[in-house]
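User: I want to learn how to read the features of a model like this one. Where do we start?

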Amino acid sequence: MLNPNIGKLIQNYDNRYRLVIDVAHSAREIAKTMEEEGDLSTKKPVSLAIDSLANGLEKQE
(Lines give C-alpha, C1' and ligand atoms only; values in the text may rest on other atoms or scores of the structure.)
Protein backbone atom coordinates (compact mmCIF):
# COMPACT_ATOMS: atom_id res chain seq x y z
CA MET A 1 0.00 0.00 0.00
CA LEU A 2 1.34 3.40 -0.89
CA ASN A 3 0.86 6.19 1.65
CA PRO A 4 -2.42 5.25 3.33
CA ASN A 5 -4.71 8.18 3.90
CA ILE A 6 -4.12 9.46 7.45
CA GLY A 7 -7.72 10.67 7.53
CA LYS A 8 -8.92 7.09 7.16
CA LEU A 9 -6.53 5.85 9.82
CA ILE A 10 -7.45 8.51 12.36
CA GLN A 11 -11.20 7.91 11.98
CA ASN A 12 -10.79 4.77 14.09
CA TYR A 13 -8.96 6.57 16.89
CA ASP A 14 -10.13 9.02 19.54
CA ASN A 15 -7.14 11.24 18.86
CA ARG A 16 -4.02 11.34 16.73
CA TYR A 17 -1.72 10.77 19.71
CA ARG A 18 -3.12 7.26 20.19
CA LEU A 19 -2.48 6.59 16.50
CA VAL A 20 1.12 7.78 16.86
CA ILE A 21 1.63 5.58 19.93
CA ASP A 22 0.23 2.53 18.11
CA VAL A 23 2.41 3.17 15.06
CA ALA A 24 5.52 3.64 17.23
CA HIS A 25 4.82 0.47 19.21
CA SER A 26 4.26 -1.55 16.07
CA ALA A 27 7.38 -0.09 14.41
CA ARG A 28 9.52 -1.07 17.41
CA GLU A 29 8.24 -4.65 17.23
CA ILE A 30 8.86 -4.79 13.47
CA ALA A 31 12.39 -3.39 13.88
CA LYS A 32 13.18 -5.90 16.63
CA THR A 33 11.90 -8.80 14.53
CA MET A 34 13.84 -7.62 11.48
CA GLU A 35 17.02 -7.35 13.55
CA GLU A 36 16.59 -10.80 15.09
CA GLU A 37 15.98 -12.40 11.70
CA GLY A 38 18.74 -10.44 9.99
CA ASP A 39 16.21 -9.13 7.48
CA LEU A 40 17.41 -6.24 5.36
CA SER A 41 14.48 -4.25 4.05
CA THR A 42 14.44 -1.09 1.99
CA LYS A 43 11.27 0.05 3.77
CA LYS A 44 11.49 1.70 7.17
CA PRO A 45 9.78 0.05 10.17
CA VAL A 46 7.48 3.07 10.57
CA SER A 47 6.26 2.73 6.98
CA LEU A 48 5.67 -0.99 7.50
CA ALA A 49 3.78 -0.27 10.74
CA ILE A 50 1.51 2.30 9.05
CA ASP A 51 0.81 -0.12 6.21
CA SER A 52 0.07 -2.87 8.72
CA LEU A 53 -2.37 -0.69 10.65
CA ALA A 54 -4.05 0.45 7.44
CA ASN A 55 -4.45 -3.15 6.24
CA GLY A 56 -5.83 -4.20 9.63
CA LEU A 57 -8.39 -1.41 9.60
CA GLU A 58 -9.48 -2.26 6.06
CA LYS A 59 -10.11 -5.86 7.08
CA GLN A 60 -12.23 -4.77 10.06
CA GLU A 61 -14.56 -2.68 7.90
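Analyst: Start with the face of α2 turned away from its buried side: Tyr 17, Arg 28, Lys 32, Glu 35 and Glu 36 are the exposed residues there. Exposed means over 50% relative accessible area, buried under 20%, and partly exposed in between, using a 1.4 Å probe and protein chains only. This is a predicted model, where local features need pLDDT of at least 70 and side-chain atom pairs count only at pLDDT 80 or more, while totals for chains, interfaces and linings use all residues. Residues are numbered from 1 along each chain as its sequence is written, and side-chain values use heavy atoms, leaving out hydrogens and water.

User: Which residues are buried in α2?

Analyst: The general idea first: an α-helix has 3.6 residues a turn, so residues three or four places apart point the same way. In α2, the buried residues are Leu 19, Val 23, Ser 26, Ala 27 and Met 34. Because they fall within an arc of 110 degrees when seen down the axis of α2, they line one face of the helix. The arc is taken over directions from the helix axis to the C-beta atoms.

User: How many helices and strands are in the protein chain?

Analyst: Helices (H or I, at least four residues) and strands (E, at least two) are DSSP runs, numbered from the N terminus. The protein chain has three helices and zero strands, in the order α-α-α along the sequence.

User: How many residues does α2 have, and what span does it reach?

Analyst: The expected span is 1.5 Å times one less than the number of residues. α2 has 22 residues and reaches 31 Å from first to last C-alpha, close to the 32 Å expected. At its start, the backbone nitrogen of Tyr 17 has a side-chain oxygen of Asn 15 within 3.1 Å. After α2 comes Gly 38, with a positive phi near 70 degrees.

User: Which residues make up the largest nonpolar core?

Analyst: In soluble globular proteins, nonpolar side chains tend to be buried together. A nonpolar core is a set of buried Ala, Val, Leu, Ile, Met, Phe, Trp, Tyr and Cys residues joined through side-chain atoms within 4.5 Å. Here the largest has seven residues: Leu 9, Tyr 13, Leu 19, Val 23, Ala 27, Ala 49 and Ala 54. Both α2 and α3 give two or more residues to this core, and α2 has the largest share, three residues. Over the whole protein chain, 20% of the 61 residues count as buried.

User: What is Ala 27 in contact with, leaving aside neighbours within four places in sequence?

Analyst: Contact means heavy atoms within 4.5 Å. By that rule, Ala 27 contacts Pro 45, Val 46 and Ala 49.

User: Why does Ser 41 count as partly exposed?

Analyst: Ser 41 is placed in that class because its relative accessibility is 35%. Not counting residues up to four places away, Ser 41 touches Met 34 and Leu 48. A polar atom of its side chain lies 3.2 Å from the backbone nitrogen of Lys 43.

User: With which side chain does Arg 18 make a polar contact?

Analyst: The partner is the side chain of Asp 22, at 2.7 Å. A polar contact is a pair of N or O atoms within 3.5 Å; within protein, one must be able to donate a hydrogen and the other to accept it, and residues adjacent in sequence count only if both atoms are side-chain atoms. Arg 18 itself lies in helix α2 and is partly exposed, at 42% relative accessibility.
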